[in-house]
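These are my notebook entries on a single chain, set down in the order in which I looked things up. The structure comes first, and the entries follow.

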Amino acid sequence: MTLTAKSVARVALVSSLVAATAAAAVIAASPAMGAASTLAAAAQQSGRYFGTAVAANKLGDSTYVGILNREFDMVTAENEMKMDATEPNQNQFSFGNGDRIVNHARNQGKRVRGHALAWHQQQPGWMQNMSGSALRNAMLNHITQVATYYRGKIYAWDVVNEAYADGSSGGRRDSNLQRTGNDWIEAAFRAARAADPNAKLCYNDYNTDNWSHAKTQGVYRMVQDFKSRGVPIDCVGFQAHFNSGNPVPSNYHTTLQNFASLGVDVQITELDIEGSGSSQAQQYQGVTQACLAVSRCTGITVWGIRDSDSWRASGTPLLFDNSGNKKAAYNSVLSALNSGTGGTDPTTTTTTTTTSNPGGGGCTATYSEGQKWNDRFNGQVTVSGTDNWVVTVTVSSPQRIIATWNTSATWESADVMTARPNGSGNTFGFTVMHGGNWSWPSLSCRVG
Ligand code: XIL
């Protein structure tokens, strides 16, 4: 059937009336928006994690452990899985302290980021004195042994840490590992993939936050090259150690987005921001919002719990004070996580009803939220009042419907999908790529 001009006009009128009804219903149905009261729960609303660095020797401190267990759902060993800790003598491995952290995390239902397999710092003495192929082989053996030992327990490994130079060169940092040959980084990633095929493999560095810095560009080109040649890399970690000399850049979102667009996840891996009060809180909020705005930014880790736990304790750079009280920075991160990207993140699984067909005839379409992922969400619509329905689903830019089920779908435009029965009953579903926009689709329903 072809639509006449007259019937098109009528549909448009119905849609606009219904859009107003739908908007009112959404607001009324979501009073609990932004209700999560811990960092982890707030981050989980958008499929992200919120982690912290943990020191094994603090696991007996009840204040520390209380905050850890309550607030965080991802853990990084601050020092205990580094090369000097895990292989103090060549080919003698030591996992006791790493295990303490991994076991605590797993017993509490938390995931673990592995840190770090290859780095020019915190190498054991025996390795510092090595060079050439002996060092290359020792590094690869280390990666193989450690990643194999922890196989299945690590969400993401920092395979290589801090391999780029500061300053304007945009090139590699000189180190004993670099002197084994420029391909040492890709060799490290290949060894890690072979040892633990299910862990995400990250390159991790600092001073890579500002998009216009040469170091950022250098790392970007390496990741681009690795992706084009099939070197196994899944993610880029941004350490994010900030202070007044190295403030949060205003283009942080751009940096994260550009890396993500290469086809890797991005993560904030060691966040701390020196300062206090509202200025510190605002910078924390900016970093959190930059991550939330990038669908492939999968989570944020702060580098310690209380200020006194920090490697830079005098700069009071963390979210809890020395006594374990929440700071202003904590509140700003929590509220940023709760309000999502556009302030419209639906955080509850409430159901809203939109009734259309103002002329009568009994057609009601009810929307309910389905599963959510970093980059997409599912929605479900149940129609009542008629078996002969026509439901129009309108998403808002940059959202796109990428799949439908239990309906016969046609598209009026990129944003507007018309659903009709296909014999599967009166409930149908669809998947929306949200592009950072979590707002609900609006619905209209008429008798067909
Ligand atoms: C730091 C730890 O916090 C300190 O306890 C340790 O003395 C030195 O290392 N970049 C990294 C982290 O990747 O491993 C570092 O952690 C901080 C900088």
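**Entry 1: terms for the start of a helix.** I take a polar contact to be a pair of N or O atoms within 3.5 Å, where within protein one must be able to donate a hydrogen and the other to accept it, and where residues adjacent in sequence count only if both atoms are side-chain atoms. Helices (H or I, at least four residues) and strands (E, at least two) are DSSP runs, numbered from the N terminus. With that settled, I looked at the start of α3, where a side-chain oxygen of aspartate 61 comes to within 3.0 Å of the backbone nitrogen of threonine 63.

**Entry 2: what kind of model this is.** I am working with a predicted model, in which local features need pLDDT of at least 70, side-chain atom pairs count only at pLDDT 80 or more, and totals for chains, interfaces and linings use all residues. Residues are numbered from 1 along each chain as its sequence is written, and side-chain values use heavy atoms, with hydrogens and water left out. The pLDDT (the predictor's confidence in each residue, from 0 to 100) averages 88 over the chain, and 88% of the residues score at least 70. Over residues 1–34, however, pLDDT is below 50, and I note that this stretch has 31 contacts in the model beyond near neighbours in sequence, a contact meaning heavy atoms within 4.5 Å. Residues 342–353 also stay under 50 in pLDDT, with 42 contacts beyond four places in sequence.

**Entry 3: the chain as a whole.** I find twelve helices and 18 strands. Of the 448 residues, 53% are buried, where buried means under 20% relative accessible area, exposed over 50%, and partly exposed in between (1.4 Å probe, protein chains only). Among contacts with a separation of 6 or more, 73% are between residues 24 or more positions apart.

**Entry 4: back to α3.** Which residues of α3 are buried? In this helix, residues 62–71, I list Tyr64, Val65, Ile67, Leu68 and Glu71 as buried. Viewed down the axis of α3, the buried residues fall within an arc of 165 degrees, so they line one face of the helix; the arc is that of the directions from the helix axis to the C-beta atoms. They pack against α2 (39–44), β1 (49–54), β2 (74–77), α5 (96–107) and α12 (328–339).

**Entry 5: salt bridges.** Side chains of opposite charge can pair when their charged atoms come close. I count a salt bridge when a side-chain nitrogen of Lys or Arg lies within 4 Å of a carboxyl oxygen of Asp or Glu, and a search of the whole structure returns 17 of them.

- Aspartate 61 pairs with arginine 306 in a salt bridge, the closest N and O atoms being 3.0 Å apart. The pair links distant parts of the chain, 245 residues apart, with aspartate 61 in the loop between β1 and α3 and arginine 306 in the loop between β9 (297–302) and α12. Aspartate 61 is partly exposed at 25% relative accessible area, whereas arginine 306 is buried at 7%.
- Lysine 215 and aspartate 166 meet in a salt bridge at 2.7 Å, N to O. Lysine 215 lies in helix α9 (residues 214–229) and aspartate 166 in the loop between β4 (156–161) and α8 (184–195), so the pair ties together parts 49 residues apart in sequence. I find lysine 215 buried at 2% and aspartate 166 partly exposed at 37%.
- Aspartate 265 forms a salt bridge with lysine 200, the closest N and O atoms being 3.2 Å apart. The two lie 65 residues apart, aspartate 265 in strand β8 (residues 265–273) and lysine 200 in strand β5 (residues 200–205). Aspartate 265 is buried at 7%, while lysine 200 is partly exposed at 28%.

**Entry 6: threonine 255.** This residue sits in helix α10 (residues 252–260) and is buried at 0% relative accessibility. The side chain of threonine 255 reaches the backbone oxygen of aspartate 209 at 2.7 Å. Beyond four places in sequence, the contacts of threonine 255 include Trp211 and Phe238.

**Entry 7: backbone geometry.** Most residues other than glycine have a negative phi, and most peptide bonds are trans. I find a cis peptide bond between histidine 115 and alanine 116, with omega about -5 degrees, and another from serine 397 to proline 398, with omega near 5 degrees. Alanine 240 has a positive phi near 65 degrees and is buried at 0%.
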